[in-house]
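Visitor: Hi, could you walk me through a few details of this protein?
Guide: Happy to, let's have a look together.

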Amino acid sequence: MEAVLIKSLTFLSIVLLGYVLKIKNFFQKEDSQLISKIVSRITLPCAVLSSAVQLTFTQVTIIIMCVAIVTDLIMGLVGKLAFAKKSNIERASAITNTSGYNVANVTIPFVQAFFPGVGMGYVCMFDIGNSIGWLGLTVSWGKAEADENAKFSIKHLLNTLLHSIPFLTYILIFALGVLKLSLPTSITSIVSTIGSANSFLVMLMIGMMIDFKMTKEQFVSVFKVVGLRLAGFVMFSVLIVFLLPVPMLAKTILLLCIVPSAPSISIVFSKELGDDSAIPAFINSISLLLGIICSTIVLLFSV
């Protein structure tokens with residue numbers, strides 16, 4: 001328990017550092033975008049490569065991947081129904097921000113610290129499903145909701161996935177597992193060194209992204225989405241713990257994966273849908289902190 005609290009407080013301290021440096025103008029607004037690119041394209045793939053075991057399709061890993069896809073779609077539907085009376089763009093943005101999980105920025109740092117190896121393998125399988133369910137399906141659903149003339153396209157789905165570096169990293173790990181190959185020691189050493197910076201950069205970026213300025217109407221919309229995400233986390237957690245036929249480690253990893261933290265890139269997709277409001281950024285800021293808190297609670301009962 002002490003190790004969990006120390007690690008969580010360390011992460012929160014780095015988040016606070018990022019926020020303080022931002023309000024003191026040490027960082028500029030565009031700096032968080034630069035760090036986001038470094039994380040998603042460099043340190044995260046290296047962290048995954050250095051921490052994950054070889055991926056294989058077993059009954060457990062297939063279940064984990066399916067949980068990601070199914071929960072993404074369920075939460076997308078919840079977002080659509082909750083904002084049914086809003087405009088097309090607001091409803092589309094709700095679908096995008098209510099579904100999806102911030103595995104890269106919230107789950108992986110905790111799993112790296114407490115469940116390396118098999119735990120990271122489970123995370124990779126979950127995020128493959130999350131990439132398909134959220135990045136591929138619910139984001140496309142949101143675009144179709146915003147533009148009634150838009151249609152779902154397998155070509156667009158594949159194009160989106162194949163341009164995601166984390167998703168391609170998971171595919172590489174899975175391919176190595178199928179072929180029973182491993183990375184050379186020299187390459188593992190390099191990616192491990194680069195990947196070790198991932199947790200720090202992620203938490204620093206979260207602090208830089210936090211923004212509490214909002215109108216009353218925006219406040220209501222933000223907490224409506226965050227409340228739905230939290231309710232979904234509680235409901236799915238109960239089902240996973242008591243009904244899912246997987247080992248306890250897999251259940252713990254799943255709980256860490258579904259904490260109510262919205263994907264950081266959902267801000268970008270919301271803008272593409274036509275939502276130029278500050279709401280997606282507020283959702284990200286609050287849900288990121290909530291994700292860290294929920295992760296800490298899960299670990300306190302697991303480690």
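**Aromatic pairs and a helix contact**

Guide: Let's start in helix α11 (residues 216-243), where Phe 219 and Phe 223 are four residues apart and therefore separated by about one helical turn. Keep in mind that this is a predicted model.

Visitor: How are the rings of Phe 219 and Phe 223 arranged?
Guide: They form a tilted aromatic pair, with 4.5 Å centre to centre and 40 degrees between the planes.

Visitor: And how accessible is Phe 219?
Guide: Phe 219 has 41% relative accessibility, so it counts as partly exposed. Phe 223 is partly exposed too, at 37%.

Visitor: How many aromatic pairs does the structure hold?
Guide: Three. One of them joins Phe 26 and Phe 27: the ring centres are 5.1 Å apart and the planes lie at 85 degrees, so this pair is edge-to-face.

Visitor: Is Phe 27 buried or exposed?
Guide: Buried, because its relative accessibility is 14%, under the 20% cut-off. Phe 26, at 57%, counts as exposed.

Visitor: Switching topic, at what angle do α6 and α12 pack?
Guide: Helix α6 (residues 118-146) and helix α12 (residues 248-257) pack at about 50 degrees, with their axes 10 Å apart. That angle makes α6 oblique to α12, and the crossing is right-handed.

Visitor: Which residues make the contact?
Guide: From α6 you have Val 118, Gly 119, Tyr 122, Val 123 and Phe 126. Helix α12 brings Leu 249, Ala 250, Ile 253, Leu 254 and Cys 257.

Visitor: What about the classes of residue in the contact of α6 with α12?
Guide: Nine are nonpolar, one is polar and none is charged.

Terms used:
Residues numbered from 1 in each chain as written. Predicted model: local features only at pLDDT ≥ 70, side-chain atom pairs only at ≥ 80, totals over all residues. Heavy atoms only, no water. Axes fitted to C-alpha atoms, helices over the stretch in contact; angles between N-to-C directions. Helix = DSSP H or I, 4+ residues; strand = E, 2+ residues; numbered from the N terminus. Parallel < 35°, antiparallel > 145°, perpendicular 65-115°, else oblique. Left-handed = near helix turned anticlockwise from the far one by under 90°. Contact = heavy atoms within 4.5 Å. Nonpolar A, V, L, I, M, F, W, Y, C, P; charged D, E, K, R; others polar. Phe/Tyr/Trp six-rings, centres within 6.5 Å; stacked < 30°, edge-to-face > 60°. Buried < 20%, exposed > 50% of the residue type's maximum accessible area, 1.4 Å probe, protein only.
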